[in-house]
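Let's take a walk through this model together, starting with its surface and its charged pairs and ending with its rings. Keep the viewer open as you read.

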Amino acid sequence: MDDSYRGYTIRVTRAAQWHAILMEPGTGAVLPTKATALLREGRGVAMERARTLVDIYAAAFGGLEERAA
């Protein structure tokens with residue numbers, strides 16, 4: 001199941017755990033990190049952790065496009 005947060009796509013899948021991978025807006029490139037949650041914690045926990053990672057990533061790398069121009 002996919003969701004969007006701050007322009008990033010968050011794709012959550014279920015296997016032995018909940019896995020949330022993050023994809024950049026525009027390029028669709030997969031970020032080099034993912035969020036996980038135990039099955040008993042639920043999909044919502046994985047999604048919240050993924051949103052936190054997006055916030056961290058955007059804060060750290062969001063201004064790079066402006067500096068590169």
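Here, a residue is buried when its relative accessible area is under 20%, exposed when over 50%, and partly exposed in between, with a 1.4 Å probe and protein chains only. This is a predicted model, in which local features need pLDDT of at least 70 and side-chain atom pairs count only at pLDDT 80 or more, while totals for chains, interfaces and linings use all residues. Residues are numbered from 1 along each chain as its sequence is written, and side-chain values use heavy atoms, with hydrogens and water left out.

Let's begin with charge. Side chains of opposite charge can pair when their charged atoms come close. A salt bridge here is a side-chain nitrogen of Lys or Arg within 4 Å of a carboxyl oxygen of Asp or Glu, and the structure holds 5 of them. One joins Asp-2 to Arg-11, with 2.8 Å between the closest N and O atoms. Asp-2 has a relative accessibility of 41%, so it counts as partly exposed; Arg-11, at 34%, is partly exposed as well.

Another salt bridge pairs Asp-55 with Arg-6, and the closest N and O atoms are 2.8 Å apart. Asp-55 lies in helix H1 (residues 43-61) and Arg-6 in the loop between strand S1 (2-5) and strand S2 (8-14), so this pair ties together parts that are 49 residues apart in sequence. Helices (H or I, at least four residues) and strands (E, at least two) are DSSP runs, numbered from the N terminus. Asp-55 is partly exposed at 29% relative accessibility, whereas Arg-6 is exposed at 52%.

Arg-49 and Glu-41 also form a salt bridge, their closest N and O atoms being 3.1 Å apart. Arg-49 is partly exposed at 37%, and so is Glu-41 at 33%.

Now follow H1 itself. The helix has 19 residues and reaches 26 Å from its first C-alpha to its last, close to the 27 Å expected at 1.5 Å a residue; that expected span is 1.5 Å times one less than the number of residues. Which residues of H1 are buried? They are Ala-46, Met-47, Ala-50, Val-54, Tyr-57 and Ala-58. These residues cover an arc of only 110° around the axis, which puts them on the same side of H1; the arc is that of the directions from the helix axis to the C-beta atoms. The buried residues of H1 pack against S1, S2, S3 and strand S4 (30-37), in contacts defined as heavy atoms within 4.5 Å. On the face turned away from the buried side, H1 carries the exposed residues Ile-56 and Ala-59.

Finally, the rings. A pair of aromatic rings is described by the distance of the centres and the angle of the planes. Rings of Phe, Tyr and Trp (its six-membered ring) pair if their centres lie within 6.5 Å; planes under 30 degrees apart count as stacked, over 60 as edge-to-face and the rest as tilted. A search of the whole structure finds 1 aromatic pair. The centres of Tyr-8 and Tyr-57 are 6.0 Å apart and their planes stand at 85°, so the pair is edge-to-face. It links distant parts of the chain, with Tyr-8 in strand S2 and Tyr-57 in helix H1, 49 residues apart. Tyr-8 is buried at 10% relative accessibility, and Tyr-57 is buried at 19%.
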